[in-house]
Amino acid sequence: MTSLPVSVDLHQLAIDKKSLQTAAQPFRDLFVPSTKSQPQPGEKESLQAKLKTASSYPEWLDTATRLDQIEGNDIWKANPDSDSYNFRLLQDRLRQLREAKEDHDVAQMLFLVRTTFSRNTSGMGNLDLYCHSRTGTKRLIEEYIDECLDTIDYLLSEPHTGSGPTRTEILDALVCTRQTYGRTALLLSGGATFGMNHVGVMQALYEANLLPRIVSGASAGSIVAAVVCTRTDEEIPHLLETFAYGDLNVFDNRETPESILQHLARFLKEGAWMDSKHIIRVLKGMMGDATFQDAYNRTRKVLNICVSSTGTFDVPRILNYITAPNVIIWSAVAASCSLPLLFTPAPLLAKDPRTGEPVPWNPTPQKWMDGSVDNDLPITRLSEMFNVNHFIVSQVNPHVVPFLSDADYESPPLTGKLATWGKTAARLAVSEGMHRMSMLAEIGVLRTPITKLKSMLTQRYSGDITILPEIKYSDLQRILANPTPEFMINASLSGQRATWPKISRIQSHCAIELAIDRAIAQLRTKIVFSPSQSNLRQIVSTSTRAKRRRTRTGDGCHSQQPRSYSHRGPRATASRPRSFSKTNSDISFDIAPPSAQEPEAASCAPVGTIHGHRAREAARAEYYSSNSIGNQSAISLLMTPSARLTPPSIVIRRQSDSCLRTSPS
């Protein structure tokens with residue numbers, strides 16, 4: 001047989017070396033030698049015991065990494081092939097991001113950020129991908145997340161060559177991406193004294209830089225959530241070190257405890273076993289008279305506290321800086337901790353904007369009780385209000401064990417047919433009890449207590465990631481006792497040990513989201529203090545100073561005193577002069593960079609004025625980026641009369657806390 005000549009165009013077969021390497025990258029890990037690290041005799045058992053007694057995350061991580069090597073989990077990580085996610089699509093997304101960065105194509109990078117970033121890209125959030133190994137997951141997923149973070153960092157770098165997108169366009173794209181990507185919230189359950197395990201959960205997430213901005217708490221969880229969300233990031237380490245040694249006598253006075261007869265007399269008179277004055281004293285010492293709006297302005301963390309109504313038909317409330325900005329936090333926490341029969345229902349107090357004194361938030365005599373009764377985990381409300389689509393739950397309620405699935409446990413406590421039968425019997429018992437209670441409520445027998453009990457049994461007690469700190473049966477007797485420093489230290493360590501195995505999964509779900517948040521804050525800061533904005537302020541500052549001089553000397557239609565605002569958020573309070581005219585006025589928005597030599601004087605020095613819509617954009621950008629600049633800044637609005645009608649103008653100036661204390665409000 002004669003072979004036919006074949007004509008081959010070598011130019012068509014020429015492949016660039018870089019393109020070949022990029023195309024072959026996803027398949028390199030397929031040829032990994034299938035060998036395991038040979039352990040020493042008894043090493044695996046020793047490491048497993050050490051894993052349970054680790055006292056720090058680095059120690060736990062080293063032990064878990066060694067165990068993964070012994071069990072051959074590194075081979076599974078290196079092989080991208082799996083039926084649990086679409087690894088080919090993820091390889092394609094990774095290749096596109098790398099090519100755009102190598103070509104310095106900012107427009108293409110921005111397009112990929114807008115169109116491909118999502119929390120569960122290619123199914124990489126599948127739980128099966130995080131059950132095979134103690135640390136990490138598929139290397140392909142980790143490389144993709146790292147490349148996404150590098151892309152976001154590249155968009156923040158300057159200057160960009162060519163006629164690419166501007167900073168404002170990049171900022172708009174990132175804001176839209178954050179909206180579509182969604183947010184993460186940390187939900188802390190109730191659990192009386194066991195709620196102190198939440199301190200360890202918060203500490204582990206904070207040390208891993210994975211603490212969400214949105215935090216919700218009910219009952220005992222509201223105490224931990226409120227304490228952390230009223231502190232800045234710089235104050236949290238000191239708080240975590242000293243929290244166990246503070247005043248935590250919430251149930252009784254440790255020096256002069258009440259007798260059984262005193263408790264019984266109060267129960268017969270008021271219907272409560274404990275005196276709420278102790279928990280109120282502790283909460284005031286922790287939080288002061290800060291309101292939800294004050295906490296948000298100071299820390300940029302969104303604190304949410306759940307409370308339940310004492311009535312049958314009222315819906316539970318979630319209190320935050322949007323729904324209850326003036327409510328005093330300690331009163332909300334006290335209401336959320338008012339477990340029926342243990343504490344009396346508590347009213348909600350708000351801070352009077354004129355006098356600063358506590359006043360009833362609701363003019364009706366309505367009172368509130370434990371948030372865990374009706375709404376231990378406010379998943380639906382947080383989704384509606386803050387675009388939250390990912391929930392991390394720290395659950396320590398002892399009574400919720402029958403309602404949890406095996407997926408919520410790191411290692412299920414019971415396995416096999418006996419465990420399956422036991423869970424089935426428990427579910428049947430709960431269903432039968434619910435049916436009997438519904439019948440009793442319909443005929444009017446103990447309608448309110450039965451309705452509240454039904455609500456407790458039908459709630460959802462787990463999230464997308466559920467952290468379950470270990471609770472010993474021997475500690476159940478201390479569930480309503482004042483926590484001691486030794487108990488607090490052990491509870492904190494238990495919370496950390498329950499969180500460390502979840503860090504890899506939380507990292508995969510939240511790393512990109514938190515990077516987008518940081519990028520938006522940095523871009524807003526750069527836009528406000530960019531040279532173009534500074535030049536604009538310098539151009540118009542001269543005319544503004546002239547107008548002020550004419551106002552002070554009486555050259556104009558008005559010579560009254562200026563109207564002053566002290567603004568700590570979206571709301572402001574003002575003291576209006578009697579003869580002030582609203583028609584002819586300039587609006588000054590003060591933000592000035594602090595000086596190292598004279599911080600107080602420099603922080604109150606104006607640097608210019610911006611007019612029209614640019615003023616509003618600069619005000620909004622400074623307001624949202626003030627916390628990321630590094631010092632606690634605030635916003636002050638000064639309205640001064642003008643000789644003639646002029647459009648609103650904004651003077652940019654930064655104010656320190658010392659300037660705020662001396663400025664009129």
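Visitor: Is the crossing of α6 and α7 left-handed or right-handed?
Guide: This is a predicted model, and in it the crossing of α6 and α7 is left-handed.

Visitor: At what angle do the axes of helix α6 and helix α7 cross?
Guide: Helix α6 covers residues 87-102 and helix α7 covers residues 106-116; their axes cross at roughly 155 degrees and come within 9 Å. Because angles over 145 degrees count as roughly antiparallel, α6 is roughly antiparallel to α7.

Visitor: Which residues of α6 and α7 make the contact?
Guide: On the α6 side they are R93, Q96, L97, A100 and K101, while α7 contributes Q108, M109, L112 and T116. Sorted by class, the contact of α6 with α7 holds 4 nonpolar, 3 polar and 2 charged residues.

Visitor: Let us turn to the strands. How many residues of strand β8 are buried?
Guide: In a regular strand, side chains alternate between the two faces of the sheet. Strand β8, residues 388-394, is mostly covered, with 6 of its 7 residues buried. Buried here stands for under 20% relative accessible area.

Visitor: In what sense do β1 and β8 run, and how many bridges join them?
Guide: Strand β1, residues 183-188, runs parallel to β8, and 6 bridges join the two.

Visitor: How many bridges pair β8 with strand β9?
Guide: There are 3 bridges between β8 and β9, residues 465-467, and this pairing is also in the parallel sense.

Visitor: Which residue of β9 does S394 stand opposite?
Guide: S394 stands opposite I467 in β9.

Definitions and conventions. Residues are numbered from 1 along each chain as its sequence is written. This is a predicted model: local features need pLDDT of at least 70, side-chain atom pairs count only at pLDDT 80 or more; totals for chains, interfaces and linings use all residues. Side-chain values use heavy atoms; hydrogens and water are left out. Buried means under 20% relative accessible area, exposed over 50%, partly exposed in between (1.4 Å probe, protein chains only). Helices (H or I, at least four residues) and strands (E, at least two) are DSSP runs, numbered from the N terminus. Two strands pair if DSSP finds at least two bridges between them. Axes are lines fitted to C-alpha atoms, for helices over the stretch in contact, and angles run from 0 to 180 degrees between N-to-C directions. Angles under 35 degrees count as roughly parallel, over 145 as roughly antiparallel, 65 to 115 as roughly perpendicular and the rest as oblique. A crossing is left-handed if the near helix is turned anticlockwise from the far one by less than a right angle, and right-handed if clockwise. Contact means heavy atoms within 4.5 Å. Ala, Val, Leu, Ile, Met, Phe, Trp, Tyr, Cys and Pro count as nonpolar, Asp, Glu, Lys and Arg as charged, and the others, Gly among them, as polar.
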